[in-house]
Amino acid sequence: MPRALLTWIGGRLLGAAATVVAASVLIYGCLRLVPGDPVLALTAGRRLSPEQIEAVRQASGLDQSLVRGYLDWMGGALRLDLGLSLHYRTEVSSLLADRVAVSVPLILYSAVLAVLLGCTLALVSAVRGGAVDRAASVLAAVATATPPFVAAVVLLSVFAVGLGWFPATGAGSGFWDRWWHLTLPATAMAVAAFGVLARVGAAAFSEELGRDHVTVARGRGIGGFALLRDHVVRNALAPLVTVIGVLTATLFVGTAVVETAFGLEGVGSLLVGSVSRRDLPVVQGVSLVAVVVFVAVNTLVDLALPLIDPRVRTGAVR
Amino acid sequence: MSAAEHGPDDVLTVRGLRMEAGPPGSPVPLLDGVDLRVGRGETVGLVGESGSGKSLTARAALGLFPAGARVSGAVTAAGTEVIGADRAALRGLRRHRVSMVFQDPRAAVNPVRRVGDHLTEALRARGVPRREARDRALDLLERVGIRDPRTAVRRFPHEFSGGMLQRVVIAGALSTGPDLILADEPTTALDVTTQAEVIALLDSLRRERGTGMLFVTHDLDLAAAICDRVHVMYAGRIVEETTGAELLSAPAHPYTRALVAASPSLHGDRGAPVPVAGRPRSLAEAPSGCSFRDRCPAADDACAAAVPAVRRHGGAAVACLRPAAVAL
Amino acid sequence: MTVDLTAVRGRSFRARRPWGLWAAVAFLAAAALAGLCAPLVAPQAPGATDLMNSLAPPGTPGHPLGTDSTGRDVLSRVLYGARLSLLAPLGVVLLASLLGITLGLTAARLGGWADIVVSRGMDVVFAFPGLLLAMLVVAVFGPGVVAPVCALAVSYTPFIGRLVRNAAVQEGARPYPEAYRVMGFGGLWVTVRHLLPNIAPMLIAQGTLSFGYALVDLAALSYLGLGVRPPAADWGSMISQSQSAILQGAPWGALVPGLAVLGTVVSLIVVGGHIGGSIVKKGERT
């Protein structure tokens, strides 16, 4: 690998690390922003003995300076130790580990739905044009504007209650049962991302379709599927992948809403419950994980762009 | 016009090609009665200003019409009637018999795929095995003068200079062993020294393989130098057909004469260039009768009556009532 | 729920006859009017319960859109709910614009380190989805509207800040601010008087879209029980209160406020896309 490329990759990774560190300072700093004695926020609404309060104060590093407390917390986080939940009295990391089994399939399922359906609609609307394109763009605009809780309400009314095809709550057990249970939640979460992808994709595809090299390929007898795959989708990949990276944040946060709406025990509903119980260690832990995932995905996208578009490779190295 | 008397050896005949776009209620005419032919091993020029319909005509030979265009007439390329042909027939024609070289190689080659993919694409599409297609691509790259073809096939278009990339495009056009090459201003986007190399390459390949070539250009000197015959187009019609030799020495149509007078001479035997008065017209904005009459110093009322019929004038066929009436 | 303006701008309704635009404007005007005139037009008081008449379907006399599980009139609640649902995101957009314009201009004018610090800071905020930041703040300060509004304003600041900074850097390179300075006008005056009107359409387009996303985020927060506290209600809290009724076959209590959110956001995207689209068109022409 050329040296310049390595330098570029190193720079990207360093930038991502810096963003995560800054974000973690913000997440930890929130605790110190609490008006009055922060430990009261941590213990709000719970009847604790003075000894217990002192224990919480120590466990949260509130008896130490801001810097010391942050370093302890972050040091723990690097060892996957995110502290103890005030509510459950268990490790935040083990709480997360339990919930991931619902949230990760949910996010992946929803991402697959959004990407497959969004790109398909985009391709059809770019290739067909005319009335199909206009109808698709209206559909995409409405989907973009549909928040997951509205989608959840509609899906519940129609498919769970009205038609009774899918269950209204629960995550199910076993592969097929889980898949069946997660269909409505994943759809509710995917709607907005689907809309954004359909719009961005249609714009990107129709731009590529108008390029000379597509005409040239047609003129060489390349048609149908091969033309779309090698000259249209392949070339529109860069903007699409960038948008997909940004949309992961939407999906991650969407779990909070969708898991609450469908009564799923995942990371999102853990976050919501912990926020309302003001269980700060859990909130901080989940927030940190969310930011790390989001930054990681977008850094991967950044690093993947040169593989997708060779022109970026040269530009990046220069 | 002599194009009508096509021989059995013709790789391209175009007869009475008309094309219009826009809604049927208010059609926009693009081409009107274009006739031309290209024989085996022959190089035929198609010259004219931008908007005259040269590229439309050339692309029509591949059945590449603008979206929504209505086309009539007859276009026979390598034995296939293109107008009204079904998808499979067009695909076969494009994959096996006719290739095109476009003006700007940067735009013509997919920038995100390797050069090797561009070269093998048409071959793979017609079922040539990967290995064989690759070998043929290496062979072609060598033939068009690209050093170290083995590394070249793995490189991306932006890593080539314009001239080198046009060689790649030409190799891609030759990959299918076509009977007819449509070269649409293949050298316009290149610098002068590269132009000469690319032209020489195209010409030698034509000689070697007996491929017919339709050469679209606005460069009269170039057309005169390499073409056996030249068609001059103006506003969607062919106004003159002449030999390459007589294009510069004995132009007949006032428009051709104006073009010759307007093009700077490389040899200093024509005097200072005189620009053609007025601006180029497309067929849609052309006047009735002879489309050139509003820019023609020799035009009178008779020119407005009808589109002039083609008549012989020396070695040329001219659509003009008074050929050679304008001083050079 | 934050998407860059450029992502939405690509294909808007601008090429079409603008009936979609007018429908969107009419919907937004109606929503704003509903909020303003709620006491005049609402058939019932929004909090008036009528347990004898709970879950009445739409079309019931006196309850054109039905009632919820405690017999409150859905239409009246949606009309009153428009107030908080629209005012809070307006607060987000105004605050974010104030912050974004200030930071963007500061970064562009001072340049150097200030520019780097502001730009990197915006990148960090960018890594926080708005709803996540809002939840973090709620965890610290407790449920309510003010804290989430401030948190969302911070998280939308980068969109406006980057726009202003880039525009200011570009405009700064043009000759006319220099000409004004030569004529003795102060730098800040030049910027405020000339730069802001120039980028106003872009700011309005971004602000319109941010308004929509802020509305969704705030409604989501209320839906999760972390936003508006009863008896105050916005569309999000109405949906969450009526969700259990869906399983009893009475979806209107949740669907009506849901459609209000959807209609408002679609309209905002259409209007924002149109403003953004007309900028693009203008740019193409020049």
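My notes below cover a sheet, a pair of domains and an interface.

**Entry 1: the model.** I reminded myself at the start that this is a predicted model.

**Entry 2: the sheet in chain B.** I asked in what order the strands of the sheet in chain B are arranged. I found 4 strands in an open sheet, ordered 2-1-4-5, and the pairing is antiparallel. Next I looked for the edges: strand 2 (28-39) and strand 5 (80-81) of chain B each pair on one side only.

**Entry 3: domains of chain A.** I turned to chain A and found two domains listed: domain 1 spans 3-78 and domain 2 spans 100-278. I looked up the spacing too, and the C-alpha centres of these domains of chain A are 34 Å apart.

**Entry 4: where chain A meets chain C.** How many residues of chain A are in contact with chain C? I got 52 residues of chain A, against 42 residues of chain C. Several helices of chain A supply at least two residues each to this side, among them helix 1 (3-33), helix 8 (175-209) and helix 12 (280-308). Helix 10 of chain A gives the largest share, with 10 residues. I also checked the classes: the side of chain A that touches chain C has 40 nonpolar, 9 polar and 3 charged residues.

Definitions and conventions. Residues numbered from 1 in each chain as written. Chains lettered and ligands numbered in written order. Predicted model: local features only at pLDDT ≥ 70, side-chain atom pairs only at ≥ 80, totals over all residues. Pairing = 2+ DSSP bridges. Domains from an automatic or database assignment. Contact = placed C-beta atoms within 7 Å. Nonpolar A, V, L, I, M, F, W, Y, C, P; charged D, E, K, R; others polar.
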